[in-house]
Amino acid sequence: YMCQKYIMDMTIQNSKYIYELLYDVVLSAYCVYFYNYVNGIQKDIEFIPISDNDIQQIVKNKWGTATYLERLRDSSSKLYDNIQQTIPRYIAMGFNSTSTTDGVNKLINSRYKYDITVIRTTGDYMNNAAHKEVLYTIGIDSYRFVAILDNRTTEECRKLNNTVYKLSNAKGGIKFPPIHFNCRSSVAPVITPDVEKKLSELDNI
């Protein structure tokens, strides 16, 4: 029980820090994307800030089948279960305390690597979600899926590359990156005549 409590307590403590980190990622990415677009399209558009509620919603949103917190809690639960199964098995096999400790450490290190992958990929989703908010805010309603094409590109991302979708239908993990762990894909705006008109209306307001 104490082992389980310790693991879950550490997950909760880390999740609070990660939440603050992801919040900052969304806010920073939004500001950078907004500034870059205004300069790129050469329009004198006044900065439109993202609300605190919108940032919180993005951070709490699922990408794929779960939120970052759900993934970390699931990882902690599996770690506890694996430790509970490993220690009695090692003792039954006659392993000494050093070998048993080494086995537990390997489980912890494996979990750590998985958690880092979750956090890194979640950060990528936050960046893309902030990008989406900027596009929506300045009047762009569609995005193009952009995959990095090389020998590391997954088949799913390769198929999605250069396809166009409505921002209103964008959902992380489903035709909106990241599609999978360590996904490198991103999105680009689709500029139509109607979008050009909207941008002109924002110019010098």
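In the predicted model described here, helix H2 (residues 52-60) and helix H4 (residues 97-137) pack at an angle of about 140°, with their axes 10 Å apart. H2 and H4 are therefore oblique to each other. The crossing in which H2 passes H4 is right-handed. On the side of H2, the contact is formed by Asp54, Ile58 and Val59, and on the side of H4 by Tyr125, Met126, Ala129 and Glu133.

A further site examined was Ser142, which belongs to strand E1 (residues 142-146). Residues under 20% relative accessible area are classed as buried; Ser142, at 9% relative accessibility, therefore counts as buried. Its side chain forms a polar contact of 3.3 Å with the side chain of Asp141. When residues up to four places away in sequence are not counted, Ser142 touches Val164, Tyr165, Lys166 and Leu167, together with Ala188, Pro189 and Val190.

With regard to confidence, the protein has a mean pLDDT of 84, and 88% of its residues reach 70 or more. Among the elements of the protein, the highest mean pLDDT (97) belongs to helix H5 (residues 155-160), whereas the lowest (71) belongs to helix H6 (residues 193-202). The pLDDT falls below 50 over residues 4-8, a stretch with 7 contacts in the model beyond near neighbours in sequence.

Note on methods
Residues are numbered from 1 along each chain as its sequence is written. This is a predicted model: local features need pLDDT of at least 70, side-chain atom pairs count only at pLDDT 80 or more; totals for chains, interfaces and linings use all residues. Side-chain values use heavy atoms; hydrogens and water are left out. pLDDT is the predictor's confidence in each residue, from 0 to 100. Helices (H or I, at least four residues) and strands (E, at least two) are DSSP runs, numbered from the N terminus. Contact means heavy atoms within 4.5 Å. Buried means under 20% relative accessible area, exposed over 50%, partly exposed in between (1.4 Å probe, protein chains only). A polar contact is a pair of N or O atoms within 3.5 Å; within protein, one must be able to donate a hydrogen and the other to accept it, and residues adjacent in sequence count only if both atoms are side-chain atoms. Axes are lines fitted to C-alpha atoms, for helices over the stretch in contact, and angles run from 0 to 180 degrees between N-to-C directions. Angles under 35 degrees count as roughly parallel, over 145 as roughly antiparallel, 65 to 115 as roughly perpendicular and the rest as oblique. A crossing is left-handed if the near helix is turned anticlockwise from the far one by less than a right angle, and right-handed if clockwise.
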